[in-house]
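Here are my notes on this entry, point by point. Please read them with the structure open.

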Amino acid sequence: MLSIKNLHANVDGKEILKGINLEIKTGEVHAIMGPNGSGKSTLANVLTGNKNYEVTNGNVLFEEKDLFDMDPETRAREGMFLAFQYPIEIPGISNATFLKTALNEIRKYNKLPELTPTEFLDRIKDKAKVLGLDDTLISRAVNVGFSGGEKKRNEIFQMLILEPKFVLLDETDSGLDIDALRIVSNGVNIYRNPNNAFLVVTHYQRLLNYIQPDFVHVLYKGKIIKSGGKELALELEEKGYDWIKTEEFETENAWPESE
Amino acid sequence: MEHKNVNEWYVAKFKSFEDKLNGQSKSFLHEIRKNALNSLAELSFPTNRNEEWKCTNVAPILKHNFIPAMISTVPKFQQDEIKPFLFKDFDYHLMVFVNGLFAEELSEIGNLPKGVVVDGLNRIIKNNPDSISKYINNLSKIDNAFNALNTAYSYDGLVVIVPDGTILEKPIQVLYLNSSKDDLVLSLPRNLIIAGKNSQVSVITNYRGYGDKTYFSNIITEIYIGENAIVNFYKIQNENDGSYHIEKVQAIQKKNSVFNHYNINFGGAIVRNDINTLHDDQNIETHYYGLYLAHGKQHVDNHTFIDHAKPNCMSNELYKGILDDNSRGVFNGKIIVRRDAQKTNAYQQNKTILLSKTATIDTKPQLEIFADDVKCSHGATVGHLDDTSEFYIRSRGVPQELAKSMLIRAFANDVIDTVKIEPLKEQINHMIFEHLHRVEIENEQ
Ligand SMILES: Nc1ncnc2c1ncn2[C@@H]1O[C@H](COP(=O)(O)OP(=O)(O)OP(=O)(O)O)[C@@H](O)[C@H]1O
Ligand SMILES: [Mg+2]
């Protein structure tokens with residue numbers, strides 16, 4: 001589904017991603033963990049086409065197509081979705097207008113007919129129920145006046161409405177209490193199937209209890225320095241990142257030319 | 001020097017205008033005209049040296065020799081030709097003016113409550129001049145040559161009289177269509193609205209151009225709002241790039257009255273609005289809502305004024321603008337709180353979004369407060385479309401142009417949302433959409 005090769009990216013002229021390699025296959029869930037500032041959100045922004053993030057090297061294939069040939073909206077229509085770490089408030093645009101416009105654009109691109117108003121409304125009601133969101137939310141402005149938790153739930157709500165193939169969750173669990181975490185994870189698990197894939201960015205192993213990953217990667221200073229199964233998350237929870245950092249340090253010393 | 005010639009041009013044309021009045025030159029209005037003609041000969045058209053016109057250069061208007069509509073040929077329109085210009089899907093009394101002259105055959109006034117007058121000024125002068133003699137030209141003072149020009153040639157325009165205690169349920173839609181084959185037409189509507197005690201009325205003025213010929217609308221609108229009356233006055237101006245448009249609104253409010261003024265400008269070569277309201281008693285409410293969209297080399301100037309002369313009144317003003325390309329916006333919001341006007345609440349806000357590096361806005365709040373127990377605030381912001389929001393919307397599959405236009409409409413929303421007639425609100429929204437997408441198409445070329 002997604003193949004990342006030697007990805008380098010700059011923010012404000014500073015190199016943040018320093019050669020990422022990652023293969024994500026259909027049906028898989030990958031988790032990325034790593035300390036603050038290691039480049040997790042940068043990766044998410046690069047993959048979704050935020051123009052503030054400059055790709056300097058490497059390539060990414062999304063379903064065999066060159067990702068960097070596509071603008072953000074095309075990536076979305078091809079099935080990519082990012083649940084933002086900090087969802088954006090948009091005063092003056094209702095969730096209904098926002099989602100209807102997005103959904104119709106995606107459907108148009110995929111040569112599907114627009115949903116009728118009733119079909120759209122049914123879908124909204126259905127998915128709102130899954131996430132325990134109030135029906136009235138749909139007429140409110142996008143994320144305006146939403147609590148932190150509501151914003152995160154709204155991202156997953158959007159995911160369920162738009163039905164993407166590849167989903168990036170950027171710390172969707174941060175700031176959620178245990179009930180909200182359960183609801184959000186449930187939303188993800190309901191949606192998870194053999195035809196889609198997830199890349200889950202988190203600091204906490206507890207999310208991975210609910211959304212069980214197939215692979216866990218550690219991102220540190222712009223590189224994936226360790227990969228493993230879901231037990232790696234438990235190990236990180238227990239020991240922190242220091243033990244890997246040490247390994248990394250040693251690695252760098254052994255092959256100084258790699259820097 | 002050039003300006004002097006302009007005055008002479010319009011003074012010289014007066015003779016042929018007068019000849020066309022046949023008989024009417026004995027009316028009281030003609031005295032008003034002749035006085036105004038004297039002023040026109042003496043007053044100069046404003047220049048940038050005039051503080052009130054500092055940011056708006058009217059020289060492009062003055063370099064044309066416009067022909068007052070009365071002495072020019074008036075084009076004939078069929079009902080179905082004007083249809084596309086009308087706001088629809090609600091009931092209204094329709095008044096149509098072509099080049100500022102009442103087009104009776106295109107108007108559909110329909111049934112009016114007893115005593116209500118909705119008519120053209122010229123017909124009133126012929127049939128019942130006494131009904132307006134105390135009112136017309138009583139509020140508006142001639143303070144520049146544009147006002148003098150309108151008054152000297154005042155002949156037709158909208159007249160609405162709503163008697164005491166009468167509520168006009170349906171709004172009055174007034175289409176001002178400007179068009180000509182050959183001449184550079186000068187359209188000079190002279191509007192008068194008199195809302196009696198305890199009355200209610202809504203007027204939608206709709207200024208449009210037919211074709212792309214250059215013309216000039218120079219308008220004066222006087223509005224009397226009686227005790228406990230409610231007047232909703234909408235102005236939607238959507239004209240071509242060669243049109244010049246100047247309107248002065250002069251309103252006076254009595255005790256407990258409410259005046260809502262909506263001013264939506266889609267631009268023209270030069271658009272200038274002066275909207276002035278005087279509070280003549282206590283417990284008055286005034287709301288000014290404005291939205292201006294301009295692109296290309298358009299110039300839109302809104303000068304608003306609320307004269308808080310009496311205690312316990314409130315005014316609330318929200319003006320928003322969206323400027324693209326090389327367009328220029330001007331906002332000057334003047335509020336005077338006079339010494340007697342204790343317990344005044346006055347709020348004013350002006351927000352502008354610049355869509356290009358070359359668009360400019362001059363915004364100036366002008367608060368003069370002479371009372372001590374008042375609550376007044378004002379604010380002006382100038383910004384750009386938010387990149388992060390744009391990316392968020394695009395990341396959901398929405399193309400860039402549409403994402404931008406959604407954000408712009410969202411920005412305009414708190415102004416548009418105050419429009420009380422739902423279908424009108426929708427159609428204004430649609431006009432904004434069309435306007436923005438035309439902008440996009442032009443950008444791509
Ligand atoms: N828009 C930006 N402008 C400037 N610097 C940025 C920007 N975005 C990220 N950075 C910098 O890039 C580095 C990586 O940031 P990034 O947000 O990718 O980290 P992260 O791994 O997501 O961290 P966190 O766990 O705190 O979310 C940091 O040093 C950060 O300051
Ligand atoms: Mg982050």
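1. Two strands count as paired if DSSP finds at least two bridges between them. Note also that this is a predicted model. With that in mind, take strand 6 of chain B and strand 9 (residues 200-209) of chain B: they run parallel and are joined by seven bridges. Within this pairing, B:Leu175 stands opposite B:Asn206.

2. Strand 6 of chain B has another partner. Strand 2 (residues 93-98) of chain B pairs with strand 6 in the parallel sense, over six bridges. Here B:Val96 is the residue opposite B:Leu175.

3. How covered is strand 6 (residues 172-178) of chain B? Seven of its seven residues are buried. In a regular strand the side chains alternate between the two faces of the sheet. One side of strand 6 of chain B carries B:Ile172, B:Val174, B:Tyr176 and B:Asn178, and the other B:Gln173, B:Leu175 and B:Leu177; both faces are covered.

4. Turn to the metal site in chain A. Which residues coordinate the magnesium ion (ligand 2)? They are A:Ser41, through OG, and A:Gln85, through OE1, at 2.0 to 2.2 Å. This pair links distant parts of the chain, 44 residues apart. A:Ser41 lies in helix 1 (residues 40-48) of chain A. A:Gln85 sits in the loop between strand 6 (80-83) and strand 7 (90-94) of chain A.

5. Buried means under 20% relative accessible area. A:Gln85 has 16% relative accessibility, so A:Gln85 counts as buried. A:Ser41 has 21%, and therefore counts as partly exposed.

Conventions: Residues numbered from 1 in each chain as written. Chains lettered and ligands numbered in written order. Predicted model: local features only at pLDDT ≥ 70, side-chain atom pairs only at ≥ 80, totals over all residues. Heavy atoms only, no water. Donors = N, O, S within 2.8 Å, 3.2 Å for Na, K, Ca; no water. Helix = DSSP H or I, 4+ residues; strand = E, 2+ residues; numbered from the N terminus. Buried < 20%, exposed > 50% of the residue type's maximum accessible area, 1.4 Å probe, protein only.
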